[in-house]
Amino acid sequence: MAKATSVTIVNVGYRSTNYWVVSAGTSRLLVDIGWPGTLGIMKANLRKMGIPLCEIRCAFATHYHIDHAGLAEELKREGVPLLVLDVQVDAIPIMKRWTKPQDRYVEITAEGNLVIPCAQSRQFLSQIGIAGEIFHTPGHSDHCVSLLLDDGSAFTGDLPPETYAFDNPVALGSWRLLRAHGATRVYPAHGAVRPMDETSGD
Ligand SMILES: [Zn+2]
């Protein structure tokens, strides 16, 4: 009888940015992928938290801004495949414009990327033992996505909190979508974990 392994969530972040490792046993997913030029820090943090790099089955970025996907190519070279949602593909080459040579950003190539539509994300995640789905959640940028686990945990990247998004109908629509699919806790890319804002529920 196969029973779903319960999922654990660990923060391996640094420089005011959260990088979440979502694990079903030793099958792990990295949500958001480090600042450019910081592979050593990322590896040290993983080691500190007892997470072997080889157990990370893939990494994905909530969006392609440098604090969220800066290490994607370097992690691919370390053997961690990059999961890209189809709505994100065009944003990847633009990242380079926001980096300076001293950032030591290694440009992301298309080679080896696992590109899927959001509609296939549940099936993809189930193959690594994680029950959840990735949704297109624009509002910070057009290509932002969020991971929503079946336990209600939502990894929302830089989606502006509802309280501050009153003039951002696109973001509010994304929060509505996440709530409708059962989100109860928010794991943002910056700041502390918080419950979903219930006061603005509709
Ligand atoms: Zn950010």
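How many bridges join β8 to strand β9 (residues 153–157)? Two bridges join them, and the strands run antiparallel.

This is a predicted model, in which local features need pLDDT of at least 70, side-chain atom pairs count only at pLDDT 80 or more, and totals for chains, interfaces and linings use all residues. Residue numbers start from 1 along each chain as its sequence is written.

**View 1. The hairpin of β8 and β9.** Strands are DSSP runs of E with at least two residues, numbered from the N terminus; two of them pair if DSSP finds at least two bridges between them. Three residues lie between β8 and β9, and Gly152 takes a positive phi near 100 degrees. Leu148 stands opposite Ala154 in β9.

**View 2. Strand β8 and its partner β7.** Strand β7 (residues 132–136) runs antiparallel to β8, and five bridges join the two. Phe135 has Ser146 in β8 as its bridge partner.

**View 3. Side-chain directions in β8.** A residue is buried if 20 or more other C-beta atoms, placed from the backbone, lie within 10 Å of its own. Five of the five residues of strand β8 (residues 145–149) are buried, so the strand is largely enclosed by the rest of the structure. Val145, Leu147 and Leu149 point one way, whereas Ser146 and Leu148 point the other way.

**View 4. The surroundings of Val84.** Val84 belongs to strand β5 (residues 82–85) and is buried, with 23 other C-beta atoms within 10 Å. Leaving aside residues up to four places away in sequence, Val84 touches Val89, Asn113, Leu114 and Val115, a contact being C-beta atoms, placed from the backbone, within 7 Å. Thr62 lies 22 residues from Val84 in sequence and 9.3 Å away in space, C-alpha to C-alpha.

Notes
Helix = DSSP H or I, 4+ residues; strand = E, 2+ residues; numbered from the N terminus. Buried ≥ 20, exposed ≤ 12 C-beta atoms within 10 Å, placed from the backbone. Contact = placed C-beta atoms within 7 Å.
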